[in-house]
Amino acid sequence: MDTKVNLAGVELKNPVMTASGTFGSGEEYSEFVDLSRLGAVVTKGVANVPWPGNPVPRIAETKSGMMNAIGLQNPGIDVFCRRDIPFLKQFDTKIIVNVCGKTMEDYCEVVERLGEEEVDMLEINISCPNVKEGGIAFGQNPKAVEEITAEVKKRAKQPVIMKLSPNVTDITETAKAAEAGGADVLSLINTLTGMKIDIHRRAFALANKTGGLSGPAVKPVAVRMVYQVANAVKLPVIGMGGIETAEDAIEFLLAGASAVSVGTANFYNPSATVQVAEGIEDYLERYGFEHVSDLTGLVK
Ligand SMILES: Cc1cc2nc3c(=O)[nH]c(=O)nc-3n(C[C@H](O)[C@H](O)[C@H](O)COP(=O)(O)O)c2cc1C
């Protein structure tokens with residue numbers, strides 16, 4: 001049985017990776033999960049300088065999901081390269097670094113710096129709903145998506161994944177813009193903008209007022225968007241949004257994803273990623289598929 005998938009020339013041992021921001025850089029989870037069992041570890045977003053993130057509270061539970069407004073807190077690229085890359089290099093998995101920034105220059109600086117490091121792919125977060133500048137400011141406008149993709153591609157030494165926002169009217173427009181800018185792979189979805197009010201405090205549950213909704217509640221939206229994007233572009237797609245079991249992951253593959261990321265589920269089941277990878281193998285065996293890649297886009 002062949003569980004390998006190829007994303008822009010990078011071969012992953014299986015299609016299961018972590019979703020950025022839900023797995024740190026892997027260290028906290030390495031007690032529960034053998035990171036070498038994963039197709040790739042996708043790190044928390046990293047910027048050119050340290051970011052403190054948003055004021056607390058910045059996490060709230062919702063039905064079948066959660067909302068967060070972390071605001072891309074991160075230690076900056078220097079600490080990341082010194083501390084997190086050497087840690088991840090100990091494992092037999094691919095390293096995908098998620099990049100964030102407030103301006104085009106910020107993104108480019110991080111991408112150039114990562115060119116000197118042994119990382120396998122870059123994922124560019126242009127879809128964070130929780131920061132005022134950068135992030136979503138780029139991700140909702142097709143012209144800006146194309147421009148930032150082209151600027152990043154000019155400088156990147158590794159294949160580039162553009163991470164798309166679901167907070168748009170037609171996600172195929174931003175997907176096509178990223179393809180036109182030269183993206184190698186697309187990933188989707190980032191979180192959906194939401195709001196929660198604490199009726200006993202008569203205040204917003206999150207200090208940021210709004211936050212990004214994730215977890216099982218968003219899965220049907222994510223599957224629909226993966227299907228739309230996979231049928232609109234020629235690029236491989238990494239699907240995510242509410243995956244907690246192998247069955248969830250297989251839905252994304254059948255809808256057109258070449259690989260999948262597990263996010264919020266890591267918070268309540270730290271072993272979710274490995275269980276998803278094992279469950280996909282069982283499914284392949286049960287239905288007699290030789291290659292996991294044969295599942296991609298099977299449902300038309
Ligand atoms: C607490 C938290 C932090 C996140 N941080 C990032 C981030 O730094 N960069 C990014 O591109 N996405 C970030 N995301 C979005 C996830 O990677 C993923 O796209 C989204 O949560 C949907 O998947 P899920 O429902 O499996 O969590 C974050 C999500 C959560 C819940």
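**Close-up views of a predicted model**

**View 1. Arg202 lies in the loop between β12 (197–198) and β13 (203–204).** The model shown here and in the other views is predicted. Arg202 is not a glycine, yet its phi is positive, at about 45 degrees. Is Arg202 buried or exposed? Its relative accessibility is 70%, so Arg202 counts as exposed.

**View 2. A nonpolar patch sits on the surface.** Four residues form the patch: Met195, Ile197, Ile199 and Phe204. Together they have about 400 Å² of accessible area. Met195 belongs to strand β11, which covers residues 192–195. The relative accessible area of Met195 is 48%, so this residue is partly exposed.

**View 3. Strands β5 and β6 form a hairpin.** Strand β5 spans residues 59–62, and strand β6 spans residues 65–68. The two strands pair in the antiparallel sense. How many bridges does this pairing have? There are four bridges. In one of the pairs, Glu61 has Met66 of β6 as its bridge partner. Two residues lie between the strands. Ser64, in the turn, has a positive phi of about 55 degrees.

**View 4. Leu72 has a positive phi in the loop between β6 and α1 (77–89).** Its phi is near 55 degrees, and Leu72 is a residue other than glycine. Is Leu72 buried or exposed? Leu72 has a relative accessible area of 7%, so it is buried.

**View 5. The loop between β4 (40–42) and β5 holds Pro57.** Val56 and Pro57 are joined by a cis peptide bond. Omega of this bond is about -5 degrees. Pro52 is also found in the loop between β4 and β5. Pro52 has 69% relative accessibility, so it counts as exposed. Along the chain, Pro52 and Gly9 are 43 residues apart. Their C-alpha atoms are separated by 35 Å.

**View 6. A cis peptide bond joins Leu188 and Ile189.** Here omega is about 10 degrees. Where does Ile189 lie? Ile189 is in the loop between β10 (185–188) and β11.

**View 7. Strand β8 (residues 121–125) is mostly covered.** Five of its five residues are buried. In a regular strand, side chains alternate between the two faces of the sheet. Which residues of β8 lie on each side? Met121, Glu123 and Asn125 are on one side, with Leu122 and Ile124 on the other. Both faces of the strand are covered. Strand β7 (residues 94–99) runs parallel to β8, and four bridges join the two. Asn98 stands opposite Glu123 in β8.

**View 8. The largest pocket holds about 690 Å³ of space.** The lining of this pocket has 41 residues. Which of them are the closest to the centre? They are Ser20, Gly21, Thr22, Lys44 and Asn68. Strand β6 supplies at least two residues of the lining. So do β14 (210–214) and α8 (265–268), each with at least two.

Methods: Residues are numbered from 1 along each chain as its sequence is written. This is a predicted model: local features need pLDDT of at least 70, side-chain atom pairs count only at pLDDT 80 or more; totals for chains, interfaces and linings use all residues. Side-chain values use heavy atoms; hydrogens and water are left out. Two strands pair if DSSP finds at least two bridges between them. Patches are made of residues with over 30% relative accessible area and no salt bridge: like charges are joined within 9 Å, nonpolar side chains (Val, Leu, Ile, Met, Phe, Trp, Tyr) within 5 Å. Accessible areas come from the Shrake-Rupley method with a 1.4 Å probe; for residues, only the protein chains shown count as cover. A salt bridge is a side-chain nitrogen of Lys or Arg within 4 Å of a carboxyl oxygen of Asp or Glu. Buried means under 20% relative accessible area, exposed over 50%, partly exposed in between (1.4 Å probe, protein chains only). On a 1 Å grid over the protein atoms alone, a cavity is a set of points where a 1.4 Å probe fits but cannot get out, and a pocket is an open set with protein on both sides within 12 Å along at least five of seven lines; lining residues have an atom within 4 Å of a point. Grid points are joined across faces, edges and corners, and a volume is the space filled by probe spheres set on the points.
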